[in-house]
Amino acid sequence: VLPASMLSAVGQVNGEPGSLPVCRWLERAATDGLVQVFTAGSDPAQWYQSVQDTADIRTAERRLFSSLKGEFEGFVDRFFNRKVSRWFTRVFLALRLSPNAITIVATVVGLIAAAGFGLGSYQAGIAAALLFQLAAVIDCCDGEVARLTFTESPFGAWLDIAMDNVVHMAIFGGIAIGASLQATGSEQAWVPLALGAAAIAGNALSFTLVNKAQKIKQTSKWNTPVHAAWSDFMLKNVASRDFSVIVLIFALLGKLHWFLWTAAIGSMVFAMIMVWVLRPSAISRA
């Protein structure tokens, strides 16, 4: 990586007989597709920082961590999770944990949160919601470590979204069990369990359909740009961790059973929309 301003200076230097100036080599390499030329600054993820002393190292490190972000991010990710996750990422880098290991750590924390919801008490619900939010923060770290260590992989991306869905389904189940325990002795005690089952079924179906949509996206087989845009919109929403804050709000209000209605209806509606997005007419036959 070198600034474009240096190219003109390099080109003015006469090389030794038989040598090829760096400027001309870069121009030829760019023409042959061996190097990529872009303007730093137009994209937050593409930047250049000259490092001359210790202060520059700290500046470059801050810019590097600030540039980290996932492909799909919600409001909470952008303004909270990412800001907190960078501190955890530094710890995970120091511990030399792999991205997949961090994904498992986030999954374990999420499953503990689900068990906490299953206790059914108000205090346990708040503690579990806070743990779930912590899991969402740690879930940002696997991608950050992968990008920093150049260890991104298709399997890692699949494992991340698969474990996210495992945690989400466990959360739905935990909240359903907890709400049912609170309604013990009531004729409506079965309602939370039914809603939890509907939410889990809708989430499982959505995950299956999202996997299919991602495969179509990778092969660019959408029939029109409109279909591709709809797919990206749905993928962004299924990957969003914003609903962890919604769970926390319902827990603070002591109304987690209300969240079950949202989860059950929302997951089913999402699955139906994905079925519409993946309808045969949306997929190219070429």
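Below are my entries, in the order I looked things up.

**Entry 1: what I am looking at.** I'm working from a predicted model, so I keep that in mind throughout.

**Entry 2: α4 against α6.** I began with helix α4, residues 75–95, and helix α6, residues 122–148. Their axes are 7 Å apart and the packing angle is about 65 degrees. I get a right-handed crossing for α4 and α6. On the α4 side I find, among others, V76, F80, V84, F88, F92 and L93. The α6 side includes L134, V137, I138, C141, V145 and L148. There are charged residues in the list too, including D77, R82 and R86 from α4 and E144 and R147 from α6. By class, I have 14 nonpolar, four polar and five charged residues in this contact.

**Entry 3: α8 against α11.** Next I took helix α8 (residues 190–218) and helix α11 (residues 256–277), whose axes come within 8 Å and cross at roughly 30 degrees. Angles under 35 degrees count as roughly parallel, so I log α8 and α11 as roughly parallel to each other. The crossing of this pair is left-handed. I noted 19 nonpolar and five polar residues in the contact of α8 with α11, and no charged ones.

**Entry 4: the cores.** Which residues have the most contacts inside the largest nonpolar core? I find F117, F132, I171, I175, V247, L256 and F259, in a core of 25 residues. I traced where the core residues come from: α5 (99–117), α6, α7, α8, α10 (243–253) and α11 each supply at least two. The biggest giver is α7, with six residues. A separate core of 17 residues also turned up, with F207, L209, W222 and M234 among its members.

I then clicked on V247. Skipping residues up to four places away in sequence, V247 touches F117, A129, F132, I175, L256 and F259.

**Entry 5: L181.** Last stop was L181, which I find in helix α7, residues 154–182. Leaving aside neighbours within four places in sequence, I see L181 in contact with G118 and L119. I also checked L181 against S121: they are 60 residues apart along the chain, and their C-alpha atoms are separated by 8.9 Å.

Key:
Residues are numbered from 1 along each chain as its sequence is written. This is a predicted model: local features need pLDDT of at least 70, side-chain atom pairs count only at pLDDT 80 or more; totals for chains, interfaces and linings use all residues. Side-chain values use heavy atoms; hydrogens and water are left out. Axes are lines fitted to C-alpha atoms, for helices over the stretch in contact, and angles run from 0 to 180 degrees between N-to-C directions. Helices (H or I, at least four residues) and strands (E, at least two) are DSSP runs, numbered from the N terminus. A crossing is left-handed if the near helix is turned anticlockwise from the far one by less than a right angle, and right-handed if clockwise. Contact means heavy atoms within 4.5 Å. Angles under 35 degrees count as roughly parallel, over 145 as roughly antiparallel, 65 to 115 as roughly perpendicular and the rest as oblique. A nonpolar core is a set of buried Ala, Val, Leu, Ile, Met, Phe, Trp, Tyr and Cys residues joined through side-chain atoms within 4.5 Å. Buried means under 20% relative accessible area, exposed over 50%, partly exposed in between (1.4 Å probe, protein chains only).
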